[in-house]
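Here's a quick briefing to read with the model open beside you.

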Amino acid sequence: MKEPALPLQEAVVTALRSNTAVDALVAKRVYDFVPGTEPGNTAKFPCISFGESSSRPYEESDCIDSTEHSFTIYCWSRTAGYPECKRMAAAVRAALHDADLTVTDFSLVLMQWESTDFRRDDDGSNVAALSFRALLDPV
């Protein structure tokens, strides 16, 4: 069986980059690793990054190698307060919750938003962490 985590990530990033509401806020700055965050460099904000993810067999599936995935999308802002960060989170949620994404070699059965947490990072950035759940069947 093929590993579904990477095709799912690629589909999510493509969906976010092609969404007009998300693009209006971050201008295609959707990353796996935020460039320029290594010492001595600076990233352009606001931006979105694909965070932690996990995959496991979906036990409720009969005779199909279905997989369940959890992943986090981070929205990063350096403007004062949370408004920009919360607008970004709302756009991401709207773009992905119940989305019908094309995932190479898999059928997306479910794409569900589960929660959003807001916090301030150690460097002063405002961060929204959106948790999603997806179910995939092989095709």
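Two rings of Phe, Tyr or Trp count as a pair if their centres lie within 6.5 Å, with the six-membered ring used for Trp. With that cut-off, Phe-50, Phe-71 and Phe-132 fall into one aromatic cluster. Keep in mind that this is a predicted model.

**Aromatic pairs**

- A pair of rings is described by two things: how far apart the centres are and the angle between the planes.
- Phe-71 and Phe-132 are a stacked pair, with 5.5 Å from centre to centre and 15° between the planes.
- Phe-71 belongs to strand β3 (residues 67-77) and Phe-132 to strand β5 (residues 126-138), so this pair ties together parts that sit 61 residues apart in sequence.
- Both Phe-71 and Phe-132 are buried.
- Tyr-82 and Phe-118 make an edge-to-face pair, at 6.1 Å centre to centre and 70° between the planes.
- That pair also links distant parts of the chain: Tyr-82 is in the loop between β3 and α3 (83-96), while Phe-118 is in strand β4 (residues 106-120), 36 residues apart.
- Phe-118 is partly exposed, with a relative accessible area of 34%.

**Charges over rings**

- Over at Trp-113, Arg-93 lies over the face of the ring, 3.5 Å from the ring centre.

**The sheet**

- Five strands make up an open sheet with mixed pairing, and they run in the order β1-β2-β3-β5-β4.
- β1 (30-31) and β4 are at the edges with a single partner strand each, so one side of each has no neighbour in the sheet.
- β3 and β5 are antiparallel partners, joined over 11 bridges.
- Ser-70 stands opposite Arg-133 in β5.

**Helix α1 and its packing**

- Helix α1 packs on the sheet and touches β1, β2 (47-57), β3, β4 and β5, with its direction at about 40° to that of β3.
- α1 (residues 5-18) has 14 residues and spans 20 Å from first C-alpha to last, close to the 20 Å expected at 1.5 Å a residue.
- Which residues of α1 are buried? They are Pro-7, Leu-8, Gln-9, Ala-11, Val-12, Val-13, Ala-15 and Leu-16.
- An α-helix has 3.6 residues a turn, so residues three or four places apart point the same way.

Conventions: Residues are numbered from 1 along each chain as its sequence is written. This is a predicted model: local features need pLDDT of at least 70, side-chain atom pairs count only at pLDDT 80 or more; totals for chains, interfaces and linings use all residues. Side-chain values use heavy atoms; hydrogens and water are left out. Rings of Phe, Tyr and Trp (its six-membered ring) pair if their centres lie within 6.5 Å; planes under 30 degrees apart count as stacked, over 60 as edge-to-face and the rest as tilted. Helices (H or I, at least four residues) and strands (E, at least two) are DSSP runs, numbered from the N terminus. Buried means under 20% relative accessible area, exposed over 50%, partly exposed in between (1.4 Å probe, protein chains only). A charge sits over a ring if NZ of Lys or CZ of Arg is within 6 Å of the ring centre and within 35 degrees of the ring normal. The expected span of a helix is 1.5 Å times one less than its number of residues. Two strands pair if DSSP finds at least two bridges between them. Contact means heavy atoms within 4.5 Å. Axes are lines fitted to C-alpha atoms, for helices over the stretch in contact, and angles run from 0 to 180 degrees between N-to-C directions.
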